[in-house]
Structures are given as C-alpha cells and as structure tokens.
Amino acid sequence: MAERIIDGLEHTQSVMKSIFASLIVASLAVSATAKDRHCIFRVHTEANPHDTATFSSSVRAQYSGKQVAIERMPRLSERDVVAFYPYDAGNGNYGALFQLDEHGRIALDALSIERRGGLLFVIINGRPVTELQIDQRVSDGRIYIASGLTKADIDSMKKDWRLIGEKKKR
C-alpha cells in the first residue's frame, strides 16, 4: 500500500515537473515574440571557404562577381540596432546610418579587427542590400549603408527604431 502511495506521489511530481517545464518554455516563447520586429537587419561576415555547409553558404558577391563563403549565423541583427538616420539617395533609392547598442558596438568593433580585409554582407528584410569591405577598425557602433534601401524598408525601420537625434522610445 505504501509503495502505491509513493509511486503515485512520484508520478504526480513527474507530471508537475513536466507541466512546470512546459509553462517556462511557453512563457519564454511568448516573451521572445512579444515584441515583433517590422524590419529584419542582418550582417553576415565572409567565412573560410573550407568551412562545411553547416557553418557557411556560398554566394556570388554583388560587386566582385566572385563566389564567396558567408557565415550562416549573422554577427549583427535588428536587436542590435537602436536608431537610424535615413536619407534619399535619388531614384526611389535610400541609404541609412545605423546606430548600434552596446552589444552591437562591441561585436562590430571585434569583428572589424578580426576580419579586416574581409567582407560584410548586409541583408535587410531578407534582401541582400550591400557588401562592405572591412578596411579599418569601427569602434563607434555605426554602420553606413550608402544606397539600396527602398521606401518600404525605411517605413518598416521607423516602426522599430527611433531616428538618430530623437529621444528614446518608451
């Protein structure tokens, strides 16, 4: 009889642990998606061409036309951006200056040192926008995109980030 009670208690504890774990996972998923982003901003770096397909992808560089490997995981994302400043580059084309948060600033600084001479690939809303040659250390946490953005890109950015010079959004 005592064994049945103990078995019943162990089963109940096991079920409760499963429910508790499920609630934690669900709350993390809700908090992760609670602030949906309107603009997707990704910066990938040039990878070692001998990396496996797990870590890199082969793409044709827009400007050089060469096949290059890029890292699958972005080094910077929309979560690292705190502000931007768009401008009209003419013919329905826009450029922008992006201000990164402290995490993004440190990541960009480190990457500009370790990957000097390599390329950065900037992807906005799933579309390759530009390639940037890393020719010097970037420690100010700013990325400048000269052109390649659309009005729709700028509108989606305005929903997520403040303009440089404006006070923080609440």
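A salt bridge is a side-chain nitrogen of Lys or Arg within 4 Å of a carboxyl oxygen of Asp or Glu. The structure is a predicted model, in which local features need pLDDT of at least 70 and side-chain atom pairs count only at pLDDT 80 or more, while totals for chains, interfaces and linings use all residues. Residues are numbered from 1 along each chain as its sequence is written, and side-chain values use heavy atoms, with hydrogens and water left out.

**Exercise 1.** Determine which residues are linked with Arg-115 in a network of salt bridges, and describe the pair that Arg-115 forms with Glu-71.

*Solution.* 
Step 1. The network links Glu-71, Arg-75, Glu-114 and Arg-115.
Step 2. Between the side chains of Arg-115 and Glu-71, the salt bridge has an N to O distance of 2.7 Å.
Step 3. Glu-71 belongs to strand 3 (residues 67-71) and Arg-115 to the loop between helix 2 and strand 7, so this pair ties together parts that are 44 residues apart in sequence. Helices (H or I, at least four residues) and strands (E, at least two) are DSSP runs, numbered from the N terminus.
Step 4. Buried means under 20% relative accessible area, exposed over 50%, and partly exposed in between (1.4 Å probe, protein chains only). Glu-71, at 14%, therefore counts as buried, whereas Arg-115, at 24%, counts as partly exposed.

**Exercise 2.** Compare the positions of the partners in the salt bridges Asp-109 with Arg-137 and Lys-151 with Asp-155.

*Solution.* 
Step 1. Asp-109 and Arg-137 meet at 2.6 Å, N to O. Asp-109 lies in helix 2 and Arg-137 in the loop between strand 8 and strand 9, so parts 28 residues apart in sequence are tied together.
Step 2. Lys-151 and Asp-155 meet at 3.1 Å, N to O. Both lie in helix 3, where 4 residues, or about one helical turn, separate them.
Step 3. Asp-109 is buried at 12% relative accessible area. Lys-151 is partly exposed at 45%, as is Asp-155 at 31%.
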